[in-house]
Amino acid sequence: MNVFISYAKEDKSIVSRLEEIVRHGGGRGWQFVYDLKGARDWATEIQYEIDRCEVFLFVMTENSLQSEWCRKELQHAALIQKPIVPVVLTSDIEIPHPLNSIQYVLYDESPESGAKLTRALQDPHPISCDKIPSHWERLGSGPLNVMAHRQSGFRDIPIPLPKRELTDLEKEDFLFDAIQEIHVYFERALAAFKESESRIMYRIRKASVSDLTCQIYLDGELKKACRIWVSTNIGLNGLAYSEARGHMALDMGGINELAQVTVSDGNPALEFTLSLMMFAQEEDCKICTVDKAAERLWRYFTQDFNQDTSMW
């Protein structure tokens, strides 16, 4: 297990003890002071080490929170979805957003706190994509394959690393979180729709954590219904969508739209792979974030109320 240790130079006295804990747990810690060799591009080297590490250990102190390079390292690690373990040295420090969304370890150099850190390194988690501030940036213009640079001698030529593949567990977690986010969006949109027209009523139900159904009524009569769910039909894993007018049964087996999980700018995203005209003209939605997908699904679901007078 490769562990990148991010810290402010003022706190370097504690880093050797943290590295010992990493080694005792079967890992290898990488830190700037001892591991960076002379005559190398240190900024590129740091980026390379973060890109290849398995865990990003952030030594959180007032010094590191005020350090420009510590912030850059943290942002890069978060945006490429590296599992992050924050280590707090004093209990009085205020943990900033979004680090406060993941479990941290209070390390006071006691054996008990060392054991807690070892356990945390064995089960780390990345910062959820929806909690990462929009202004955060990755280091450089993208990941650089430093080893290729060393061999070729052309250090000014950026060579991209292969696209990071998401694990099945990451895909599943992302899809179940996406259902929840779409549920929240539709709940708010339906409430606003009802507020704008007194004749409108709606029902939104979750059959399970992976299955959502929405219905729109006009003067008590069911006009439109849709279902959004995590689908495993024909071996494809993604979000599926189907809809029906009135009391027509929703097609529980067929798929009108399937969005599979892909990677966009280092983050999980939805890629619409099967389409019945829904996204045919929406180039910006072929690959998009969950909130963008929720917005487009809502517009598609309610377009009949704008286009078809029989709905009213």
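**Exercise 1.** Is Q75 buried or exposed, and what is its relative accessible area?

*Solution.* This is a predicted model, in which local features need pLDDT of at least 70, side-chain atom pairs count only at pLDDT 80 or more, and totals for chains, interfaces and linings use all residues. Residues are numbered from 1 along each chain as its sequence is written, and side-chain values use heavy atoms, with hydrogens and water left out. Next, apply the cut-offs: buried means under 20% relative accessible area, exposed over 50%, and partly exposed in between, with a 1.4 Å probe and protein chains only. Q75 has a relative accessible area of 15%, and is therefore buried.

**Exercise 2.** Which residues is Q75 in contact with, leaving aside its neighbours within four places in sequence?

*Solution.* Taking contact as heavy atoms within 4.5 Å, one finds W136 and E137. For E137, the side chain of Q75 reaches the backbone nitrogen at 3.1 Å.

**Exercise 3.** Which strands does β7 join through bridges, and how do they run?

*Solution.* Strands pair if DSSP finds at least two bridges between them. Eight bridges join β6 (residues 200–208) to β7, and the two run antiparallel, with Y202 opposite I216 in β7. Eight bridges also join β7 to β8 (residues 221–231), again antiparallel, and here Y217 stands opposite L222 in β8. Finally, β7 and β8 form a hairpin with two residues between them, where D219 in the turn has a positive phi of about 55°.

Key:
A polar contact is a pair of N or O atoms within 3.5 Å; within protein, one must be able to donate a hydrogen and the other to accept it, and residues adjacent in sequence count only if both atoms are side-chain atoms. Helices (H or I, at least four residues) and strands (E, at least two) are DSSP runs, numbered from the N terminus.
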